[in-house]
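Hi there,

Here is the structure I promised to pass on. Have a look at it first, then read on for my notes.

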Amino acid sequence: MSSTNVVVLDNGGGLIKAGFGGERDPAVILPNCLYRAPSSKKWLHPHPLPITTTSTDSSAAEPDLTSAAVRRPLDRGYLINSDLQREIWSHLFSSILRINPTQSSLLVTEPLFTLPSIQRSLDELVFEDFNFRALYVADSPSLVHLYEASRRPDGLVSRAQCSLVVDCGFSFTHASPVFQNFTLNYGVKRIDLGGKALTNYLKELVSFRSVNVMEETFLIDDVKEKLCFVSLDVPRDLRLARESGKENLFRCTYVLPDGITYTKGFVKHPERIHNYLALKDGTCGFPPLPEETKGNMNRPEIAEMPQDRNRIDLSKNEFDLTNERFLVPEMIFQPANLGMNEAGLAECIVRAVNSCHPHLHPVLYERFLIQTIYSDGSVYGYLHLDSLVHLAIYLSDFPFGSIILTGGSTLFPQFSERLEKELRPLVPDDYHVKITTQEDPILGVWRGGSLLASSPDFEAMCVTKSEYEELGSARCRKRFFH
């Protein structure tokens, strides 16, 4: 089976990453939803997103998403509307990837602990609706582990075959131990917080303090991605956020689209976005602007004409953000402060490690694979005590400490520094904690799937359509160790 005939589909709750096995990057990144503008009665497919940040796609052709209603086939990471998912996949396969499913195999990701009824719905979509010739269902922790091991063949993940994948996705966060490319289900810990919850919280804050944006899902997503950051000292930053004038390093203004001149919102003074970094150095001056920020300074500004002053209240077309910028990502680290009965990310990691065999603790603390792309499926393996003992002896020669961040929610500035600060008091003193960032946090799962699809053993791992028709979904699923 040629890897070009294998479609790799990372079916996340927020984004779909789709492409062909053996490629480095997916062919398309597409929001996993349909939207409807207030002036329309028809549900439309969103435009694909640029694969890289250097894309020069013009925003002039993008539709106006102001107050657009959104329908998603996945809720809390699980498939709840197979008809809607069928419509989105049909558009993806026929209009974007332009493939013939009957001549292709499919590698698809699936959330951890998916119910059998949801698994059957997915199998029916693949084999009965689209008629793929073969299917492999993977989980995101093992795919990230596979990709990191192949990218660093001399690293600890490759040698010890053990890692901890923390998936901060669109719907939730999972801390998943992986041993010999199998996810240990008994050690998986979950937080019911993800990118969707952060966006909803920012909606509530802005609506209560400034202007009603409860229907502006796409707009607030943009605000969150451009302006939010992780605070390294929350009490200090709360005090500074009360300051006025130039002493307030956090104040930024976001301009709402007017539907005529521009259909997307933008930051009014992008040079102020990174002012808070001055606190990191303890200096009074501001650090130089990053290159991407300088490029954003070409955004259009509101042109206030004298004849419009009596007709338009420009203050209603924009709002200021101060402490909201760091209070929203704070949910991931301290959800209890917001009245949520959830553990923070650092505590979740420690609980996941402590759920595993003691001989695995050193290597799990040694390397975390923290993945904010959307968790998929679970793989189960049986461990033998002898192999764990040999592993612990083998690891005694390695220095401790390397945490790798991957996934959307880990893209907040200062995320890794804050996680290390939260994790250090909870980790034994003889374990060194060091955090690095993956080369592309959004595409880690898909790249692992692309690597798996190009392996010579992939065909034998798949369930064929004839096997599905003969044995049914439940029997076929045993091949994936779910």
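This is a predicted model: local features need pLDDT of at least 70, side-chain atom pairs count only at pLDDT 80 or more; totals for chains, interfaces and linings use all residues.

Let's begin with E1, E2 and E3. Strand E1 covers residues 6-11 and pairs with E2 in the antiparallel sense, over five bridges. To get from E1 to E2, the chain goes through a hairpin of three residues. E2 itself takes in residues 15-20, and it also pairs with E3, again in the antiparallel sense, this time over four bridges.

Leu-9 stands opposite Ala-18, and Ala-18 in turn stands opposite Val-28 in E3. Another pair to look for is Ile-16, whose bridge partner in E3 is Leu-30.

Why is E2 described as largely enclosed by the rest of the structure? Because five of its six residues are buried. As for E3 (residues 28-31), Val-28 and Leu-30 point one way while Ile-29 and Pro-31 point the other way, and all of them are buried.

**Two helix pairs**

When two helices pack, we describe them by the angle between their axes and the distance between those axes.

Take H3 (residues 140-151) and H16 (residues 444-453) to begin with. They pack at about 75°, and their axes are 7 Å apart. An angle from 65 to 115 degrees counts as roughly perpendicular, so that is the label for H3 and H16. On the H3 side, the contact involves Ser-140, Leu-143, Val-144, Leu-146, Tyr-147 and Ser-150. Across from them in H16 are Gly-444, Val-445, Arg-447, Gly-448, Gly-449, Leu-451 and Leu-452. Sorted by class, that contact has seven nonpolar, five polar and one charged residues.

Now try H5 (residues 195-209) with H6 (residues 217-227). Here the angle is about 100° and the axes are 9 Å apart, and H5 and H6 are therefore roughly perpendicular to each other as well. H5 brings Gly-195, Leu-198, Thr-199, Leu-202 and Lys-203 to the contact, and H6 brings Thr-217, Ile-220, Asp-221, Val-223 and Lys-224. By class, the contact of H5 with H6 splits into four nonpolar, three polar and three charged residues.

Thr-253 sits in strand E14 (residues 252-255). Is Thr-253 buried or exposed? Its relative accessibility is 11%, so it counts as buried. Its side chain makes a polar contact of 2.6 Å with the side chain of Asp-320. Setting aside residues up to four places away in sequence, Thr-253 also touches others, including Phe-266, His-269 and Phe-319.

Gln-119 is in helix H2 (residues 116-129). With a relative accessible area of 11%, Gln-119 is buried too. What does the side chain of Gln-119 reach? You'll find the backbone oxygen of Thr-114 at 3.4 Å.

Last up is Glu-342, in the loop between helix H11 (330-333) and helix H12 (345-354). Glu-342 is partly exposed, at 23% relative accessible area. Look for Asp-192 as well: Glu-342 and Asp-192 are 150 residues apart along the chain, yet their C-alpha atoms are separated by 7.6 Å. Beyond its neighbours within four places in sequence, Glu-342 is in contact with Arg-190, Ile-191, Asp-192, Pro-335 and Ala-336.

Definitions and conventions
Residues are numbered from 1 along each chain as its sequence is written. Side-chain values use heavy atoms; hydrogens and water are left out. Axes are lines fitted to C-alpha atoms, for helices over the stretch in contact, and angles run from 0 to 180 degrees between N-to-C directions. Helices (H or I, at least four residues) and strands (E, at least two) are DSSP runs, numbered from the N terminus. Angles under 35 degrees count as roughly parallel, over 145 as roughly antiparallel, 65 to 115 as roughly perpendicular and the rest as oblique. Contact means heavy atoms within 4.5 Å. Ala, Val, Leu, Ile, Met, Phe, Trp, Tyr, Cys and Pro count as nonpolar, Asp, Glu, Lys and Arg as charged, and the others, Gly among them, as polar. Buried means under 20% relative accessible area, exposed over 50%, partly exposed in between (1.4 Å probe, protein chains only). A polar contact is a pair of N or O atoms within 3.5 Å; within protein, one must be able to donate a hydrogen and the other to accept it, and residues adjacent in sequence count only if both atoms are side-chain atoms. Two strands pair if DSSP finds at least two bridges between them.
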